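Subject: Structure handover

Hi,

Here is the structure I promised to pass on. Please open it alongside this note.

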Amino acid sequence: MAVRIQREDFDPGREIQALTAGSTSVGGVASFIGLVRAVAGDKHVGAMTLEHYPGMTEKMLAEIDAEANRRWPLQASLIVHRYGRLEPGDRIVLVITASAHREAALEACHFLIDWLKTKAPFWKLEETGDGESRWVEARSSDDAAAGRWARPRDKNAAE
Amino acid sequence: MKVLYFAWLRQRTGIGEETVSPPPSVRNVAGLVEWLRTRGPGHAEALKDLSAIRVAVNQEFATVDAAISPDDEIALFPPMTGG
């Protein structure tokens, strides 16, 4: 279980290697890598700047990571999220989960990225050309994606 | 108490954080936002629509009716867009 917030890039292969090194009980590793796209709707995105709430971000990611470890039998997990100015093609976020079996690893990875999108205090400012920039608006589809992981007892909290 | 602003709330107020001493009649987040609007045109513009604002009190998500006290850290921000 680990979370990192950083300005610099990360190497997914190296992170997976480090997370599973020395373990002989991990049977499956799942990962998700989020990248900056050059298109948002009908606009060209030249770059984006990610702002976050230092202190609360680390706390929220740790809580989400802990929740994944409560729900699935994970041997290891890692969330890395970048902030600062990023360009199309740059990596934004990395989620890695390792478990004895593939179901737990795949489901926990999906859960982590869905919850992270609606519960971690990050905001994206897109540069759309001509010196214009706009704050990305939250999408209801992200809330729906996070909501599918709600359990009956915490359904109200997730919606 | 400390008030933090993020994303367009930071841009419109022109500040990332400020320390304020609202009157004792300000008891919850909604009351604080109403009082903060009077601090200037930037604040009035940034805080005009309470329904567009999300809140954290001491780094925990909270609702606008959450009680506040002088030692609290209150963060005001738009819905989050990470990942």
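Predicted model: local features only at pLDDT ≥ 70, side-chain atom pairs only at ≥ 80, totals over all residues.

Below is what came out of the analysis, chain by chain.

Four strands of chain A make up an open sheet. Their order is β7-β5-β9-β10, and the pairing is antiparallel. Which strands stand at the edges? They are β7 (84-86) and β10 (132-135) of chain A. Each has a single partner strand, so one side of each has no neighbour in the sheet. On average, neighbouring strands here are turned by 25° against each other, with direction ignored.

The pairing of β5 and β7 can be followed down to residues. In chain A, β5 covers residues 47-52 and pairs with β7(A) over three bridges, in the antiparallel sense. Look for A:M48: the residue opposite is A:L86, in β7(A).

Chain B, the overall fold

Chain B holds three helices and five strands. Along the sequence they run β-α-β-α-α-β-β-β. The radius of gyration of chain B is 12 Å. The globule rule gives 12 Å for 83 residues, so chain B is as compact as a globular protein of that length. The C-alpha trace of chain B spans about 35 × 30 × 20 Å along its principal axes.

How much of chain B counts as buried? The figure is 30% of its 83 residues. As for contacts in chain B with a separation of 6 or more, 53% of them come from residues 24 or more positions apart.

Best wishes

Note on methods. Residues numbered from 1 in each chain as written. Chains lettered and ligands numbered in written order. Pairing = 2+ DSSP bridges. Helix = DSSP H or I, 4+ residues; strand = E, 2+ residues; numbered from the N terminus. Axes fitted to C-alpha atoms, helices over the stretch in contact; angles between N-to-C directions. Rg over C-alpha atoms; globule rule 2.2 N^0.38 Å. Buried ≥ 20, exposed ≤ 12 C-beta atoms within 10 Å, placed from the backbone. Contact = placed C-beta atoms within 7 Å.
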